[in-house]
Amino acid sequence: MSDWRTNTFDVRLGPPGHGGFCVARHEGRVVFVRHGLPGELVRVRVTEDRGGSFCRAEAVEVLEASPDRVPATCPVSGPGGAGCCDFSFATPTAQRAVKATVVAEQLRRLAGIEREVLVETIVPGDAIGGWRTRVRLAVDAHG
């Protein structure tokens with residue numbers, strides 16, 4: 001199998017996966033694509049290929065946009081940018097739906113639990129930008 005790093009091709013994005021990716025397939029391989037939404041047709045550039053059954057890529061051009069796509073709220077995310085602000089280019093409703101899909105799939109696949117997942121709003125009015133839901137805290141021996 002050849003190394004696909006830096007290859008560019010078009011794919012239709014499938015379901016979301018953990019870590020801000022959507023799953024696509026190309027020439028029999030799985031492609032984990034960042035910066036896209038389920039259902040979109042995108043042009044991707046492969047960024048990582050270790051020669052196995054999958055590779056990782058970035059959507060560098062959206063050929064057919066999802067109706068849930070909005071201008072990105074994070075100026076440093078996107079192809080070639082920082083690895084933050086997953087799905088900042090999606091409506092708040094779509095962001096919650098993507099997160100719910102990922103959690104439901106993990107529960108089903110890892111724990112064998114079939115459950116509908118609802119991701120609730122945490123910011124009144126669905127405000128986007130200027131806040132985070134992830135916090136990392138350092139704790140020393142004194143707590």
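Which residues lie nearest the centre of the second largest pocket? In this predicted model, local features require a pLDDT of at least 70 and side-chain atom pairs count only at pLDDT 80 or more, whereas totals for chains, interfaces and linings use all residues. Residues are numbered from 1 along each chain as its sequence is written, and side-chain values rest on heavy atoms, with hydrogens and water left out.

Pro-16, Gly-17, His-18, Val-23 and Glu-105 lie nearest the centre of the second largest pocket, out of 13 lining residues. A pocket is here an open set of points, on a 1 Å grid over the protein atoms alone, where a 1.4 Å probe fits, with protein on both sides within 12 Å along at least five of seven lines; lining residues have an atom within 4 Å of a point. The volume of this second largest pocket is about 280 Å³, taken as the space filled by probe spheres set on the points. β2, β3 and α1 each contribute at least two lining residues, and α1 gives the most, with five. Helices (H or I, at least four residues) and strands (E, at least two) are DSSP runs numbered from the N terminus. The lining comprises six nonpolar, four polar and three charged residues.

The 20 residues of α1 should span 28 Å at 1.5 Å a residue, which agrees with the 28 Å between its end C-alpha atoms; the expected span is 1.5 Å times one less than the number of residues. Gly-112, with a positive phi near 70°, follows α1.

Ser-66 is located in the loop between β6 (54–64) and α1 (92–111). Ser-66 counts as buried because its relative accessibility is 13%. Not counting residues up to four places away in sequence, Ser-66 touches Leu-37, Pro-38 and Glu-40, a contact being heavy atoms within 4.5 Å.

Methods:
Buried < 20%, exposed > 50% of the residue type's maximum accessible area, 1.4 Å probe, protein only. Nonpolar A, V, L, I, M, F, W, Y, C, P; charged D, E, K, R; others polar.
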